[in-house]
There are 2 protein chains.
Amino acid sequence: MSEKHLKDALDTLKTTGVRITPQRHAILEYLIESMTHPTADEIYKALEGKFPNMSVATVYNNLRVFREAGLVKELTYGDAASRFDFVTNDHYHMICESCGKIVDFHYPGLNEVEQFASHVTGYKVHSHRLEVYGTCQDCLENAGKQIL
Amino acid sequence: MSEKHLKDALDTLKTTGVRITPQRHAILEYLIESMTHPTADEIYKALEGKFPNMSVATVYNNLRVFREAGLVKELTYGDAASRFDFVTNDHYHMICESCGKIVDFHYPGLNEVEQFASHVTGYKVHSHRLEVYGTCQDCLENAGKQIL
DNA sequence: TACACTAATTATAACAATTATAAATTAAGA
DNA sequence: TCTTAATTTATAATTGTTATAATTAGTGTA
């Protein structure tokens, strides 16, 4: 399953004329396997065992390459670090405001929002971004304990 | 109309025990009157005529105060500068990917998305964020001209 | 397989947005 | 008016990210 994702991703890169380096292979692999929407720095730290000489710039450069190839989405949060998400199929993010944990969920058909928005603003619509903020169950439970 | 907004905002601050300084008054006034969702730096530059000695830190500090009081929303965009939006009633943003222009639009009832997301993830939901990306009419026209 | 060409990596410095600090100033209630 | 704690200011520090230039290493071709 994730094997296939990796292979597909590498194929996509090849056909776009992007070289497959060991670093790129490792970053992609890590992105696909980790379910945690990591930051560039987390990727960097996770791979420094395998690549002691790798530079942060390499991570950033390659994340940009992947983003431009459509393999990866960047989730931006002000001056906090961006998080990177391997693109599988369309999904949205639920974010815990207490601990920052992000989980995916699917929701069908917000196309009508795009149509509506395009109609009232006159913009030609490309895409949209939806995120839901709340508190995850772990944090809810911890909050409960503190009251006791 | 915007007079009333300003008065209400100042009242809110007063009841929260926040002092009304000339700088705060001016920043709020600028936020309410400008329809452009300014960055902290834009606010700083816009007011440096009135307050030649004001520091950027003051702008940032007060935007945080306003945010915590619920008067202002911060729109974050990765390493680009945050934009600040005076809260009137709920609306969403349509953002031009070509020139960055942001316009507001209203859309009723995405509550069901929140309910759905809460159900599938187990999170307790507080809020959500929706943005639509596209190209504004000005940029569409300019693109047309370049082809000719 | 070896070569050549170009892209990618590395190390480092630069940058820009934001925040922390400490001293000076000031709003607002008594 | 006086007092006091909050706020502002000026500056330095921090953090995420990108630019630069030199070195290294994929990959197509002979």
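Visitor: How do the residues of the surface near DNA strand C divide by class?

Guide: The surface near DNA strand C has eleven nonpolar, eleven polar and five charged residues. Ala, Val, Leu, Ile, Met, Phe, Trp, Tyr, Cys and Pro count as nonpolar, Asp, Glu, Lys and Arg as charged, and the others, Gly among them, as polar. This is a predicted model, in which local features need pLDDT of at least 70, side-chain atom pairs count only at pLDDT 80 or more, and totals for chains, interfaces and linings use all residues. Residues are numbered from 1 along each chain as its sequence is written, while chains are lettered from A and ligands numbered from 1 in the order in which they are written.

Visitor: What makes a residue count as near a strand, and which are the closest to DNA strand C?

Guide: A residue is near if its C-beta atom, placed from the backbone, lies within 6 Å of the molecule or strand. For DNA strand C, 27 residues surround it, and the closest are A:Thr21, A:Met54, A:Thr58, A:Asp79 and B:Ser82.

Visitor: Which element gives the most to the surface near DNA strand C?

Guide: Helix 4 of chain A does, with four residues. Helices (H or I, at least four residues) and strands (E, at least two) are DSSP runs, numbered from the N terminus. For DNA strand D, the largest share, four residues, comes from helix 4 of chain B.

Visitor: Why is helix 1 of chain A called oblique to helix 2 of chain A?

Guide: The axes of helix 1 (residues 2-15) and helix 2 (residues 22-33) of chain A come within 10 Å and cross at roughly 140 degrees. Angles under 35 degrees count as roughly parallel, over 145 as roughly antiparallel, 65 to 115 as roughly perpendicular and the rest as oblique. Therefore helix 1 of chain A is oblique to helix 2 of chain A. The axes are lines fitted to C-alpha atoms, for helices over the stretch in contact, with angles from 0 to 180 degrees between N-to-C directions.

Visitor: Which residues make that contact?

Guide: Helix 1 of chain A brings A:Ser2, A:His5, A:Leu6 and A:Ala9, and helix 2 of chain A brings A:Leu28, A:Glu29, A:Ile32 and A:Glu33. Residues are in contact if their C-beta atoms, placed from the backbone, lie within 7 Å.

Visitor: How do you know that strand 5 of chain A pairs with strand 5 of chain B?

Guide: Pairing needs at least two bridges found by DSSP. Eleven bridges join strand 5 of chain A to strand 5 (residues 124-135) of chain B, so the two strands pair, and they run antiparallel. A:Tyr133 stands opposite B:Ser127.

Methods. Two residues are in contact if their C-beta atoms, placed from the backbone, lie within 7 Å.
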